[in-house]
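Subject: Structure handover

Hello,

The structure is below, followed by what was found in it. Please read the notes with the structure open.

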Amino acid sequence: MDKIEKKVMTGKRLDPEEGLFLFENDDLFTLGRLASMVAERKNKRHVYYVRNRHINPTNICVNRCKFCAFSRSKGEKGSYELTVEEILSKLGDGCYREVHIVGGLHPDWGFDHYVNIISKIKEEFPETHIKAFTAVEIDHFSRISGLSIEDVLKRLRESGLDTMPGGGAEIFSERVRMRLCPEKISGERWLEIHRKAHILGIRTNATMLYGHIEGYRDRIDHLIRLRELQDETGGFLAFIPLSYHPANTETGGSYTSGIDDLKTIAVSRLILDNFDHIKAYWIMLGEKIAQLSLLFGADDIDGTIIEEKITHSAGGVTAESLTIEEIREIVTKAGRIPIERDALYRIIG
Ligand code: V47
Ligand code: SF4
């Protein structure tokens, strides 16, 4: 730990074995102190939040990942498809600074339908930043349209897409991925699509789904592969660890512990030295662990969200939305300074 502490203090990069040591070590307080120091170096004592809204256009998905309780097959009870009008009506009077759109891989919707969703939102709400479609969806659009990944991304951007969310990364290890989501694109493909987006100037996020059947080595491998791509492109905005929720899933298992959640935030902060932001996703962590995460290296607490289906299908117990006042109180009571941001981390007001 002393050696790691010295490296962190002098801004030196940690290697994979040191990352593994941090996961295996029980000195949570030293880990948190070091991660918090790095977060403060990067973002002072600021904690960012955004006025955002999630929309999931459909839960019908051909992949049916074994950890996903949100998806349904076509015609199955509980399946739904939102019309473009229903999607627009969720954006109310345009009070959101960012809309986050992810959904299932629908077997019948053509690429034009997805393009239409984006262009109609942009037409009606030109001020709202559109963060839409994971690399998994982009790959699907390329296959159903016959267009290259670059052409899919360019068409979406012309229609109004601004950035891409970080979902679909799950865990890159092929061995684990084959057991969790055999139909999903590989980790390599996920990274390749984000690389292509970054080259086109589309910023993206990255996630890691943890706490299911993976081990610490798989988590470190995942983080190192993200760090390498960030060295190459600098296109990632934020990293978001996603704590696995087991209810109603085929994978089953148990919920993550608060200790594992804090460790994962802190190790991510320390390994991903080239990421500006680590997000504590309160929907999955719960408000209290998300608050503690702010002392373990997180500098972002996502936003108002309003409606959330993925975690809540899998046993999520938080509310689906928080008010700005509630977010600011969580941050202030952690001794940090709440800062409203836009989707690109520019400060508002
Ligand atoms: O890719 C699915 C995950 C992700 C479960 O970019 C599950 O700002 C836990 O990516 N337990 C979608 N997680 C959510 C996502 C996201 C969320 C918030 C912010 C951003 C961002 C991205 O949800 C999926 C998958 O990894 N997921 N099922 C489950 N049972
Ligand atoms: Fe489909 Fe995404 Fe759920 Fe996998 S995680 S089944 S790709 S909606």
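A crossover is called right-handed if, with the strands pointing away from the viewer, the path from the first strand over the helix to the second runs clockwise. By that criterion, E3, helix H5 (residues 111-124) and E4 make a right-handed β-α-β unit. Please keep in mind throughout that this is a predicted model.

The sheet E2-E3-E4

E2, E3 and E4, in that order, make up an open sheet of three strands with parallel pairing. E2 and E4 are the edge strands, each pairing on one side only. On average, neighbouring strands in this sheet are turned by 20° against each other, with direction ignored. H5 packs on the sheet and touches E3 and E4, and the direction of H5 makes about 165° with that of E4. An angle over 145 degrees counts as roughly antiparallel.

The individual pairings are as follows. Strand E2 (residues 52-55) runs parallel to E3 and is joined to it by four bridges. In this pairing, Ile55 is opposite Ile101 of E3. Between these two strands the chain passes through helix H4 (residues 84-90), and this β-α-β crossover from E2 to E3 is right-handed. On the E4 side, E3 and strand E4 (residues 129-132) also have four bridges in the parallel sense. There, Ile130 in E4 is the bridge partner of Val99.

Are the residues on the two faces of strand E3 (residues 98-101) buried or exposed? Both faces are covered: Glu98 and His100 are buried on one side, and Val99 and Ile101 are buried on the other.

H5 against H7

Two packed helices are described by the angle between their axes and the distance between the axes. For H5 and helix H7 (residues 149-159), the axes come within 8 Å and cross at roughly 30°. Angles under 35 degrees count as roughly parallel, so H5 is roughly parallel to H7. On the H5 side, the contact involves Phe111, Asp112, Val115, Ile118, Ser119 and Lys122. Their counterparts in H7 are Val152, Arg155, Leu156 and Ser159. Sorted by class, the contact of H5 with H7 has five nonpolar, two polar and three charged residues.

Ile144

Ile144 is placed in helix H6 (residues 135-145). The relative accessibility of Ile144 is 39%, so Ile144 counts as partly exposed, the class between the 20% and 50% limits. Leaving aside neighbours within four places in sequence, Ile144 is in contact with Trp109, Gly110 and Phe111. Ile144 and Gly110 are 34 residues apart in sequence, with a C-alpha to C-alpha separation of 6.8 Å.

The loop between H7 and H8

Pro165 lies in the loop between H7 and H8. Which residues does Pro165 touch, not counting those up to four places away in sequence? They are His100, Val102, Lys131, Ala132, Phe133, Thr134, His194 and Asn205. His100 is one of the buried residues of E3. Pro165 has a relative accessible area of 1%, so Pro165 is buried, the limit being under 20%. Pro165 and Thr207 are 42 residues apart along the chain, and their C-alpha atoms are separated by 8.6 Å.

Ser173 is also in the loop between H7 and helix H8 (174-180). With a relative accessible area of 9%, Ser173 is buried. Not counting residues up to four places away in sequence, Ser173 touches Asp218, Asp221 and Arg225.

The sheet E8-E1-E9

Another open sheet has three strands in the order E8-E1-E9, and the pairing is parallel. Strand E8 (300-303) and strand E9 (337-340) are at the edges, each pairing on one side only. Neighbouring strands of this sheet are turned by 25° against each other on average, direction ignored. Strand E1 (residues 46-50) pairs with E8 in the parallel sense over two bridges. In E8, Asp300 stands opposite Tyr48.

Regards

Definitions and conventions: Residues numbered from 1 in each chain as written. Chains lettered and ligands numbered in written order. Predicted model: local features only at pLDDT ≥ 70, side-chain atom pairs only at ≥ 80, totals over all residues. Heavy atoms only, no water. Buried < 20%, exposed > 50% of the residue type's maximum accessible area, 1.4 Å probe, protein only. Pairing = 2+ DSSP bridges. Axes fitted to C-alpha atoms, helices over the stretch in contact; angles between N-to-C directions. Parallel < 35°, antiparallel > 145°, perpendicular 65-115°, else oblique. Contact = heavy atoms within 4.5 Å. Nonpolar A, V, L, I, M, F, W, Y, C, P; charged D, E, K, R; others polar.
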